[in-house]
Amino acid sequence: MKPLEQLVRRNIWGLAPYSSARDEYSGKEAHVFLDANENPYNAPYNRYPDPLQRELKRLLSQVKGVPEDMLFLGNGSDEAIDLAYRVFCQPGVDNVVAIAPSYGMYQVCADVNDVEYRTVLLDDRFQFSADQLLAACDNHTKLIWLCSPNNPTGNSLNRDEMLRVVEQFEGIVIVDEAYIDFAQQQSMRQELPTHPNLIVMQTMSKAWGGAAIRLGMAFASADIVAIYNKVKYPYNINLLTQQQAIEMLKDPFEVDKWVKTLLEERTRLMSAFSQLPVCEHVYRTDANFFLARMTDAQAIYDYLVDRGIIVRNRTRVQLCRNCLRITIGTRTENTELLAALRQY
């Protein structure tokens, strides 16, 4: 890995962060707040939230087994994705490399930040080669994006190949693990102590059932997290999100039950799909969704929409021609989907 100072944009490295009122007395006890021009009425919503989400991070640290200073919280994972470009990539100069197909926001944020987005196509098993990925890099490649389990393909990427990329690439490697709770493969969080160029992203949106509260996590070295905190908006995680996440974290065993139920339904639904006349192939998955190649994805998608059933048509995505992506719902929802397809 190159020294972090060489990877971070020069203006970001020297950036003086905004100093919020709540930061300036950190570590002291206070009960009269006349510093932030807040309305004294309508508590607790009249007060700005903790800009560093300390209580929430304490709980997350215990659940995830990662020190608090190695944890960044964003307004969804999309904030952490965008910050990677803003922190490391000089617009119009630097580039990033990613597998394809994968999560679309990596490229959207690249385009927004005027950063070249290079892709390396997965093979017919939806796997990648570390050598091919590294061969696509040059002296201006700052980031490599890996999504495991991958979206939209659903499979976990080869862990050994991911580690080879982390160990051989001189820049930053970001592994997006939004669906890791549904997979058997171990999280790459375990590699953080020995790989300072690694960033691992997770989310409260999937297994935790918290998509509406918009809370994403990035695990990284304390130095990288400090830079992210310097660049982010001061109060990026609102009070309601922090409160709801804290309540959810108090009962992680409920999430374990949800995951177990969803995995059982995933097995049932995939087995039933493989027997449908309109389904040509069901791809292996490690996520709470699966990809299925259909006889005519667009026509089947339109048919389901007319019946109020929404799946994702991925037929225009590379390697996904005539494929629908099916999220695992409740048993009732899954049964309704199957019933509709059997009548197609």
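This is a predicted model: local features need pLDDT of at least 70, side-chain atom pairs count only at pLDDT 80 or more; totals for chains, interfaces and linings use all residues.

Trainee: OK, where does Ala-226 sit?

Mentor: Ala-226 is in helix H9, residues 222-231. Helices here are DSSP runs of H or I with at least four residues, strands are E runs of at least two, and both are numbered from the N terminus.

Trainee: At what angle do H5 and H9 cross?

Mentor: Roughly 95 degrees, with the axes of H5 (residues 77-88) and H9 coming within 10 Å. That makes H5 roughly perpendicular to H9. Axes are lines fitted to C-alpha atoms, for helices over the stretch in contact, and angles run from 0 to 180 degrees between N-to-C directions. Under 35 degrees counts as roughly parallel, over 145 as roughly antiparallel, 65 to 115 as roughly perpendicular, and the rest as oblique.

Trainee: Which residues make that contact?

Mentor: From H5 it's Ala-80, Leu-83, Ala-84, Arg-86, Val-87 and Phe-88, and from H9 it's Ile-224, Ile-227, Tyr-228 and Val-231. Contact means heavy atoms within 4.5 Å. The residues of the contact of H5 with H9 split into 9 nonpolar, no polar and 1 charged. In that scheme Ala, Val, Leu, Ile, Met, Phe, Trp, Tyr, Cys and Pro are nonpolar, Asp, Glu, Lys and Arg are charged, and the others, Gly among them, are polar.

Trainee: What about H4 and H10, how do they lie?

Mentor: The axes of H4 (residues 54-64) and H10 (residues 239-249) come within 10 Å and cross at roughly 30 degrees. That makes H4 roughly parallel to H10. On the H4 side, Glu-55, Leu-56, Leu-59, Leu-60 and Val-63 meet Gln-242, Ala-245, Ile-246 and Leu-249 of H10. The H4 and H10 contact residues divide into 7 nonpolar, 1 polar and 1 charged.

Trainee: Switching topic: how many salt bridges are there?

Mentor: The structure holds 18, each being a side-chain nitrogen of Lys or Arg within 4 Å of a carboxyl oxygen of Asp or Glu. One of them joins Arg-159 and Glu-191, with the closest N and O atoms 2.9 Å apart. Arg-159 lies in H8 (residues 159-168) and Glu-191 in the loop between strands E5 (172-176) and E6 (198-203), so the pair ties together parts that are 32 residues apart in sequence.

Trainee: Why does Arg-159 count as buried?

Mentor: Because its relative accessible area is 16%. Glu-191 counts as buried too, at 16%.

Trainee: Which residues are linked in a network?

Mentor: Glu-116, Arg-118 and Asp-138 are linked by salt bridges. Arg-118 and Asp-138 meet at 2.8 Å, N to O. Arg-118 is partly exposed at 21% relative accessibility, and Asp-138 is partly exposed at 34%.

Methods:
Residues are numbered from 1 along each chain as its sequence is written. Side-chain values use heavy atoms; hydrogens and water are left out. Buried means under 20% relative accessible area, exposed over 50%, partly exposed in between (1.4 Å probe, protein chains only).
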